[in-house]
Amino acid sequence: MKFRSLAMALCAVAINFSASAQTPDLATIARASGTPEIPGLKMVWLAPWGDVARAHPWRNVIVHQTEGPAGSARGGALEQNKNPTRRGVMVWVETDGTVYWAVAEHLIPTHGDGGNRNDNKYIDNGPTYRQVIGNNSVGVEFAGNYPDVTRGPTDAQVAAWRILVKVLRARYGIPLERVYAHNWIDYKDARYCEGCALAKMAREWGE
């Protein structure tokens, strides 16, 4: 009986090892093309990935929050997909954690205000002033802070962001210190700090 239990245990270990060996790691997935399955993320691919070598040379990530109600990320992403260069972003995150990839990665949506913050209120703006802008930054929009703009992200959005930020950084070679809140680089709504909690989380999570 002991030998049988040992054999079954060894078989289970072998099966688990085989499965894990066949599952690509996140860095490998992040360099793929098409519409890959990303473990832990519910992705809606409105614009599939192409060859990453031909993507626009993205250097930063800017975290935005939209004053839209729950459910507005889908509508925003669909409109962005129809008109990619309109004011908006490449990636939208719904309150339930669903991620919408709305724009092909060689196109440049209009977002940000030109990196116009230079008061060092949140971070040192020396490296960001007029340098962290829409045409070199991946914009990620989190929906749901309506009607209370001070409402933070949902637990589902935080869980999605934990994975998504790693995917973005791995795909485009963006260092951790180039993940920014919109309020860190531009003068925004004084009622709340747009994107600050999410950008801070990303930096605290580290590599």
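Which residue in S6 stands opposite Val 63? In this predicted model, the residue is Ala 181.

The chain has six helices and six strands. Along the sequence, the elements follow the pattern α-α-β-β-α-β-β-β-α-β-α-α. Of the 207 residues, 44% count as buried. Among contacts with a separation of 6 or more, 68% come from residues 24 or more positions apart.

Strand S2 spans residues 60–65. Six of its six residues are buried. In a regular strand, side chains alternate between the two faces of the sheet. In S2, Asn 60, Ile 62 and His 64 lie on one side. Val 61, Val 63 and Gln 65 lie on the other. Both faces are covered. S2 also has two parallel partners among the strands. With S5 (residues 137–142), the pairing runs over six bridges. Here Asn 60 has Ser 137 as its bridge partner. With S6 (residues 179–181), the pairing runs over three bridges. Val 63 and Ala 181 stand opposite each other in this second pairing.

The largest nonpolar core holds 50 residues. Those touching the most other members are Ile 38, Trp 101, Val 140, Trp 161, Leu 164 and Tyr 172. Helix H4 (residues 155–172) gives the most to this core, with eight residues. Beyond its neighbours within four places in sequence, Ile 38 contacts Leu 26, Ile 29 and Met 43, among others. Its contacts also include Trp 45 and Trp 49. Ile 163 and Val 167 complete the set.

The whole structure contains four aromatic pairs. The ring centres of Trp 45 and Trp 49 are 5.0 Å apart, and their planes meet at 75 degrees, so this pair is edge-to-face. Both residues are buried. Together with Trp 101, Trp 45 and Trp 49 form one aromatic cluster. Trp 101 is also one of the core residues that touch the most other members.

The glycine sits in the loop between helix H2 (26–29) and strand S1 (43–45). Leaving aside neighbours within four places in sequence, Gly 34 is in contact with Trp 45, Pro 48 and Trp 49. Its relative accessibility is 23%, so Gly 34 counts as partly exposed. Gly 34 and Asp 51 are 17 residues apart in sequence. In space, their C-alpha atoms are 8.6 Å apart.

One disulfide was found. The link joins Cys 193 and Cys 196, with the sulfur atoms 1.7 Å apart. The angle about the S-S bond is -50 degrees, and the link is left-handed.

Notes: Residues are numbered from 1 along each chain as its sequence is written. This is a predicted model: local features need pLDDT of at least 70, side-chain atom pairs count only at pLDDT 80 or more; totals for chains, interfaces and linings use all residues. Side-chain values use heavy atoms; hydrogens and water are left out. Buried means under 20% relative accessible area, exposed over 50%, partly exposed in between (1.4 Å probe, protein chains only). Helices (H or I, at least four residues) and strands (E, at least two) are DSSP runs, numbered from the N terminus. Two strands pair if DSSP finds at least two bridges between them. Rings of Phe, Tyr and Trp (its six-membered ring) pair if their centres lie within 6.5 Å; planes under 30 degrees apart count as stacked, over 60 as edge-to-face and the rest as tilted. A disulfide is a pair of cysteine sulfur atoms within 2.5 Å. A nonpolar core is a set of buried Ala, Val, Leu, Ile, Met, Phe, Trp, Tyr and Cys residues joined through side-chain atoms within 4.5 Å. Contact means heavy atoms within 4.5 Å.
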